[in-house]
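Visitor: I am new here. Please walk me through what the model shows, one question at a time.

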Amino acid sequence: MLITWNLSRRRWRYSRPDVLVLSVGKSGRTWLRVLLNKYLSLRFNTDFSLDDLHAVDQRIPSIGYEHEHWSHHALSNWHERLRGKFLVPADILRKKRVIVLYRDPRDVAVSLYFQNQKRSNNRIDCTLEEFVRLQGRGVRGIVTVMNAWRKRLEGHPNCLWVSYEALRRDTASELRRIVDFLGTATTSPEQVEEAVAFASFDNMQRLEASGGFSRGMLKPGVPGDPSSFKVRSGKVGGYRERFSAEDLRFLDESVAALDPFFGYAANPAAATERS
């Protein structure tokens with residue numbers, strides 16, 4: 001049963017933003033947030049921060065970032081799940097501009113492992129090979145959530161699908177596409193390029209290591225350990241370097257259940273822009 005209600009007080013947090021960005025954890029949400037906020041701060045001449053810039057300039061749309069169905073499926077207990085605590089209610093979702101940021105589940109699973117091993121308050125005690133097979137939180141759980149979003153948002157009047165791989169391949173073009181979708185103003189090529197340079201992985205890692213970001217979410221879990229950084233690697237298809245042939249077969253078979261819309265089963269690097 002696909003729950004679409006939210007009977008908790010949390011439901012009202014979803015009413016405030018003009019735009020909702022939905023993603024599974026470790027799909028590039030923080031990178032997108034830095035990109036967008038840097039561009040919007042330049043475009044509207046405000047100070048850069050990772051907070052909602054609508055609070056300082058109401059011309060900027062309010063953007064909410066949620067893991068939504070991922071939290072519902074993988075991280076909630078049965079009582080939270082029954083109430084739909086982490087879900088955007090259907091009546092609210094329909095009225096929002098929605099961006100779905102998605103990434104190859106095999107790469108996501110590897111990044112989630114390092115997140116849970118190095119940064120989480122409840123750190124896991126298992127191998128990477130065991131983690132990707134975990135019920136709910138492993139690669140099959142990621143596939144389940146991506147399929148649920150595809151089913152739930154099919155026919156949504158204002159939904160933009162953005163693949164992490166396309167964003168990596170041509171960051172400037174994808175950022176322009178996203179900003180156009182927000183409907184804020186005509187994009188400035190110079191400001192797009194400045195935002196892309198600011199949000200480069202090298203610069204974000206440097207800022208994270210030096211404490212250049214004010215938010216605690218952009219600090220290393222273990223100072224001096226690159227694998228504990230929030231901005232860790234970002235490599236497309238990097239999962240193939242970490243598994244045996246048997247493990248790769250398991251991962252590929254799991255991703256074969258993903259909706260063909262996403263384009264990963266046939267070619268792991270094939271995902272392109274979706275509208």
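Guide: Start with a term. A polar contact is a pair of N or O atoms within 3.5 Å; within protein, one must be able to donate a hydrogen and the other to accept it, and residues adjacent in sequence count only if both atoms are side-chain atoms. This is a predicted model, where local features need pLDDT of at least 70, side-chain atom pairs count only at pLDDT 80 or more, and totals for chains, interfaces and linings use all residues. Residues are numbered from 1 along each chain as its sequence is written, and side-chain values use heavy atoms, with hydrogens and water left out.

Visitor: Which backbone oxygen lies 2.9 Å from a polar atom of the side chain of Asn37?

Guide: Asn37 belongs to helix H1 (residues 29-43); helices (H or I, at least four residues) and strands (E, at least two) are DSSP runs, numbered from the N terminus. Its side chain reaches the backbone oxygen of Ser49 at 2.7 Å. The backbone oxygen at 2.9 Å is that of Asp51.

Visitor: Is Asn37 buried or exposed?

Guide: Buried means under 20% relative accessible area, exposed over 50%, partly exposed in between (1.4 Å probe, protein chains only). Asn37 has 5% relative accessibility, so the label is buried.

Visitor: Why is the pair of Trp161 and Phe261 edge-to-face?

Guide: Rings of Phe, Tyr and Trp (its six-membered ring) pair if their centres lie within 6.5 Å; planes under 30 degrees apart count as stacked, over 60 as edge-to-face and the rest as tilted. By this rule there are eleven aromatic pairs. In the pair of Trp161 and Phe261 the centres are 5.1 Å apart, and the pair is edge-to-face because the planes stand at 70°.

Visitor: How many residues apart are Trp161 and Phe261?

Guide: Trp161 is in strand E4 (residues 159-163). Phe261 is in the segment after helix H12 (245-255). The pair links distant parts of the chain, 100 residues apart.

Visitor: What is the angle between the planes of Phe261 and Phe262?

Guide: Ring pairs link Tyr102, Trp161, Phe261, Phe262 and Tyr264 into a cluster. Phe262 is buried, with a relative accessible area of 1%. Phe261 and Phe262 pair edge-to-face at 5.4 Å centre to centre, with the planes at 85°.

Visitor: What is the mean pLDDT of the protein chain?

Guide: pLDDT is the predictor's confidence in each residue, from 0 to 100. It stays under 50 over residues 269-273. In the protein chain, 84% of residues reach 70 or more, and the mean pLDDT is 87.

Notes:
Contact = heavy atoms within 4.5 Å.
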